[in-house]
Amino acid sequence: MTRRLLPRARAVRLAIFDVDGVLTDGVLYLSERGEAFKAFHILDGQGLKMLRASGVELALLSGRKSAAVLKRATEVGVDHVVQGAQDKLRAFRMLLRKAGLTETEAAFMGDDLPDLPVLRCCGFAISVPGAPALVQRHAHYVTRRPGGFGAVREACELLMQAQGTLSRQLEAYLR
């Protein structure tokens, strides 16, 4: 991690993640009845659990609504879930007020144009390699792994590494 990113990552107390294209591969599977199906990567779920256990609050912020998102959030211990957010910047600021934090204490991971307002004002902006170039230009860090395939785990481990909590989280599995 570069010296430029370290202070940003160390300051994070709330990590917020978009869903489609970040926690999923961004592909929407629709049934004949219009039900949307989402696939979540197990590595991302474990990363979220470890980050939460290290003391960082978690939030999901999505423009879409899905019961599957609520179920997954519950499974991995996400503190806050905001769905159907037409104005992600307003929702981001609401999450900050709720947590009693400032913009610099929040990381946001997004992958598309509706995420840009939040990426531009949060303390640590993260994106994925499949994001449009404009989005990637506004990210402080672009993961090596694609959305839905371990990108969130990579981001979680990066934050824990910067905060000096990664080795403690990993040690729990070496006993």
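How are α2 and α3 oriented to each other, roughly parallel or oblique?

1. Basis. This is a predicted model, in which local features need pLDDT of at least 70 and side-chain atom pairs count only at pLDDT 80 or more, while totals for chains, interfaces and linings use all residues. Residues are numbered from 1 along each chain as its sequence is written, and side-chain values use heavy atoms, with hydrogens and water left out.

2. α2 and α3. The axes of α2 and α3 come within 9 Å and cross at roughly 50°; the two helices are therefore oblique to each other. Axes here are lines fitted to C-alpha atoms, for helices over the stretch in contact, with angles from 0 to 180 degrees between N-to-C directions. Angles under 35 degrees count as roughly parallel, over 145 as roughly antiparallel, 65 to 115 as roughly perpendicular, and the rest as oblique. Helices are DSSP runs (H or I, at least four residues), numbered from the N terminus.

3. Residues between α2 and α3. Ile42, Gly45, Leu48 and Lys49 of α2 meet Arg72, Glu75 and Val76 of α3 (contact: heavy atoms within 4.5 Å). By class, this contact has 3 nonpolar, 1 polar and 3 charged residues. Ala, Val, Leu, Ile, Met, Phe, Trp, Tyr, Cys and Pro count as nonpolar, Asp, Glu, Lys and Arg as charged, and the others, Gly among them, as polar.

4. α2 and α7. The axes of α2 and helix α7 (residues 151–163) come within 7 Å and cross at roughly 25°, which makes α2 roughly parallel to α7. Residues in the contact include Leu43, Leu48 and Leu51 of α2 and Val152, Cys156 and Met160 of α7. The contact of α2 with α7 divides into 9 nonpolar, 2 polar and 3 charged residues.

5. Cavity. The structure holds 1 cavity of 30 Å³ or more, and the largest cavity has a volume of about 40 Å³. On a 1 Å grid over the protein atoms alone, a cavity is a set of points where a 1.4 Å probe fits but cannot get out; a pocket is an open set with protein on both sides within 12 Å along at least five of seven lines; lining residues have an atom within 4 Å of a point. Points are joined across faces, edges and corners, and a volume is the space filled by probe spheres set on them. The cavity lining is Leu23, Phe40, Gly45, Leu48, Leu60, Arg72, Val76 and Val78. α2 (42–53) and α3 (67–76) each give two or more residues to this lining.

6. Pocket. The largest pocket holds about 190 Å³ of space. Of its 13 lining residues, Asp18, Asp20, Arg64, Asp111 and Asp112 lie nearest its centre. The pocket lining has 2 nonpolar, 4 polar and 7 charged residues, whereas the lining of the largest cavity has 6 nonpolar, 1 polar and 1 charged.
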